[in-house]
Amino acid sequence: HILLHHTMTASLGNYGSILVHSPPIEETVEPVIPPHRRVSSLLGAVAVSLLGLVALLIHQHQSGGVNMNSLSAETTPALFSARRKEDIPHFFQQTVDHYNESNTDTWEHRYYIQAKYFGGPGSPIILVFGGEGGNDDGMFYPFVNKYLASTFQALVLHPEHRFYGRYRPTNDTSTDVLLKLLTPDQAIQDMLSIVKHYRKELGCSIDRSCKHYCPLLTVGGSYPGFLAASMRLLYPDIVDIGYGSSAPIKLFAREADQFGYYDIVTASAERASTGCADAVRNTLNEVNAAIQNSLDFGIVAEKLNICKSSIPAYIGSNDMFSKEIMQLIAVTFADLNMFNYNKDPSRTELAKRCRLFQDKSLNSYEKLAVFWTKLSDNPGQKGSCFDLSSQLPDGPNARISGADWSGVGPGSDGMMFDFQCCTLLTPEIGFSEKSMFPYRKFTLEWLTKHCMSRFGVVPRPDELVKEWKFDDFVGQGASRILLTNGLNDMWSAGSYLHNLSDSIIAINMPNGAHHSELEHTNAQNMDTPDVMKAHEYITQVLAGWLKEV
């Protein structure tokens with residue numbers, strides 16, 4: 001095992017954690033050379049090329065699945081020629097219901113593959129878990145699909161999460177159907193099916209003692225990071241290493257402080273621009289008071305440049321209007337927090353938005369009127385008011401305040417994640433007195449009322465953790481799980497910041513935001529020293545674990 005004594009912070013737990021400092025510490029880490037693979041990379045490249053050709057022929061021949069009309073445009077060679085090979089979509093005939101043998105239906109499961117570094121049977125497979133949004137762009141974690149793939153001669157697979165994006169198991173999104181098909185278990189089974197398919201087709205042995213065994217490393221950021229780590233816990237006979245970046249494991253286990261999330265957003269904003277927190281707090285307090293004391297909140301809406309006709313029908317009181325406006329502002333800052341990472345902190349969008357609230361030439365109404373333009377589809381159109389309804393997810397009785405107060409997002413993807421948080425995932429996130437947003441406590445009573453109105457379901461917040469036992473990785477005998485956290489990221493409030501054992505390791509980056517280390521490679525020279533050092537540590541840990549396999 002790799003022991004980095006000089007970076008251990010014992011106060012965080014019995015095993016400490018790996019805290020990568022900025023500027024970098026004086027000690028150097030020798031570059032890790034992965035073990036030489038005895039099989040030529042030519043075999044892997046040829047095999048994957050043949051698979052791609054077969055997949056394309058099958059895809060053109062078959063007519064089942066959802067949204068087939070859109071496939072012709074996406075499979076046009078002229079379009080493909082302008083994209084990197086790893087950004088060209090592939091389609092897998094995926095099982096609709098993995099837990100119902102009588103249902104033999106399949107659907108077109110979109111995924112991306114990169115094989116140019118693959119060393120053939122005996123080399124690793126890296127599975128990047130898709131998340132709560134469609135992926136039309138292809139591979140988007142350069143640290144994984146460029147650096148780790150080339151370092152370890154790995155094949156990279158990046159499937160979407162079912163029901164997010166254009167390709168779904170079914171177009172039926174009724175509650176009865178989603179209760180069966182939109183679950184973390186079904187999503188994991190999707191991933192396992194694709195991995196098993198490729199292991200077989202590429203000639204990978206299923207015997208770990210065989211030189212042709214292809215170790216499986218699962219990777220994900222945020223909710224997919226939780227799934228990537230959980231896959232190692234649940235299926236240790238298939239998954240060899242789990243790597244969860246910004247994985248809210250404690251949040252989903254209901255072990256996190258509900259106020260920690262937006263307290264970090266507040267601290268991050270203050271760090272981005274000194275005085276930001278007070279400027280936001282004062283602006284929102286003034287606007288909230290104006291709304292609460294108004295005889296007609298619609299008049300205040302017009303002063304805020306919100307289209308009065310766009311106010312959703314469920315908003316029927318001053319208090320409700322204020323809560324939803326404040327929620328939207330908080331969610332926007334939460335989104336900005338996740339990307340509050342740059343070698344020059346003053347250039348982030350969060351810093352720019354902070355400076356808007358700190359602009360003394362504008363009154364509180366004017367600040368928010370400008371703020372909305374950043375959310376609008378036509379921000380450059382002068383004189384246009386903000387369409388508040390544009391922020392609603394799809395589905396019945398939609399609200400700006402969804403089941404996840406960090407924001408479920410608009411449209412279809414927003415509805416799907418709202419449903420997931422109304423069933424098995426329960427992120428308890430509220431607003432404390434010290435945050436820059438008005439105090440609002442999250443309660444299961446509120447959540448239940450919301451979910452009954454939206455989908456006719458009662459949340460089951462403890463069911464998944466009791467079934468999977470991800471609140472006790474060590475007690476379940478889990479090993480080889482890597483958890484990384486940007487301490488500038490609000491999701492770190494719901495993540496493990498200390499080592500759980502000598503083989504369940506946490507790496508914390510003081511300047512990092514939401515899975516920041518996945519976004520670049522050191523060769524791009526776009527990262528802060530602590531994130532660059534984290535890249536070295538991550539590589540060292542993974543290399544050591546691959547040798548163990």
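## Basis of the description

In this predicted model, local features need pLDDT of at least 70 and side-chain atom pairs count only at pLDDT 80 or more, whereas totals for chains, interfaces and linings use all residues. Residues are numbered from 1 along each chain as its sequence is written, and side-chain values use heavy atoms, with hydrogens and water left out.

## Overall make-up

The chain holds 18 helices and 9 strands. Helices (H or I, at least four residues) and strands (E, at least two) are DSSP runs, numbered from the N terminus. Of the 549 residues, 57% are buried; buried means under 20% relative accessible area, exposed means over 50%, and partly exposed lies in between, with a 1.4 Å probe and protein chains only.

Among contacts (heavy atoms within 4.5 Å) with a separation of 6 or more, 73% join residues 24 or more positions apart.

## The sheet

The 9 strands of an open sheet follow the order S1-S9-S8-S7-S6-S4-S5-S3-S2, with mixed pairing. Strands S1 (18-19) and S2 (90-95) stand at the edges with a single partner strand each, so one side of each has no neighbour in the sheet. Two strands pair if DSSP finds at least two bridges between them. Strand S7 (residues 241-245) and strand S8 (residues 481-486) run parallel and are joined by 4 bridges; glycine 244 has leucine 483 in S8 as its bridge partner.

Helix H6 (residues 184-201) touches S2, S3 (106-114), S4 (125-128), S5 (155-159) and S6 (216-221), and its direction makes about 115 degrees with that of S2. Helix H18 (residues 529-548) touches S1, S6, S7, S8 and S9 (504-509), and its direction makes about 165 degrees with that of S9. For these angles, axes are lines fitted to C-alpha atoms, for helices over the stretch in contact, and angles run from 0 to 180 degrees between N-to-C directions.

S3 is mostly covered, with 8 of its 9 residues buried. S2 and S3 run antiparallel and are joined by 6 bridges; phenylalanine 92 has histidine 109 in S3 as its bridge partner. S3 and S5 also run antiparallel, joined by 4 bridges, and tyrosine 112 stands opposite histidine 158 in S5.

Leucine 157 lies in strand S5 and counts as buried because its relative accessibility is 0%. Leaving out residues up to four places away in sequence, leucine 157 touches Tyr111, Tyr112, Ile113, Ile125, Ile126, Leu127, Val128, Ile194 and Tyr198. Its C-alpha atom is 9.6 Å from that of threonine 218, which is 61 residues away in sequence.

## Helix H9

Helix H9 (residues 260-272) has 13 residues, which should span 18 Å at 1.5 Å a residue, and its end C-alpha atoms are 18 Å apart, in agreement. The expected span of a helix is 1.5 Å times one less than its number of residues. Since 10 of the 13 residues are buried, H9 is largely enclosed by the rest of the structure. The buried residues of H9 pack against helix H10 (276-292), helix H12 (318-338) and helix H13 (349-357).

## Helix H15 and its surroundings

H15 has 13 residues and reaches 19 Å from its first C-alpha to its last, close to the expected 18 Å. Here too 10 of the 13 residues are buried, so H15 is largely enclosed by the rest of the structure. Its buried residues pack against helix H5 (175-181), H6, helix H7 (223-234) and helix H16 (444-455).

Aspartate 418 belongs to helix H15 and is buried, with a relative accessible area of 0%. A polar atom of the aspartate 418 side chain lies 2.8 Å from the backbone nitrogen of alanine 403. Beyond residues up to four places away in sequence, aspartate 418 touches Gly402, Ala403, Val408, His450, Arg454 and Phe455.

Glycine 395 sits in the loop between helix H14 (364-373) and helix H15 (411-423). With 37% relative accessibility, glycine 395 counts as partly exposed. Apart from neighbours within four places in sequence, glycine 395 is in contact with Met415 and Arg454.

Key. Polar contact = N/O pair within 3.5 Å; in protein donor to acceptor, adjacent residues only side chain to side chain.
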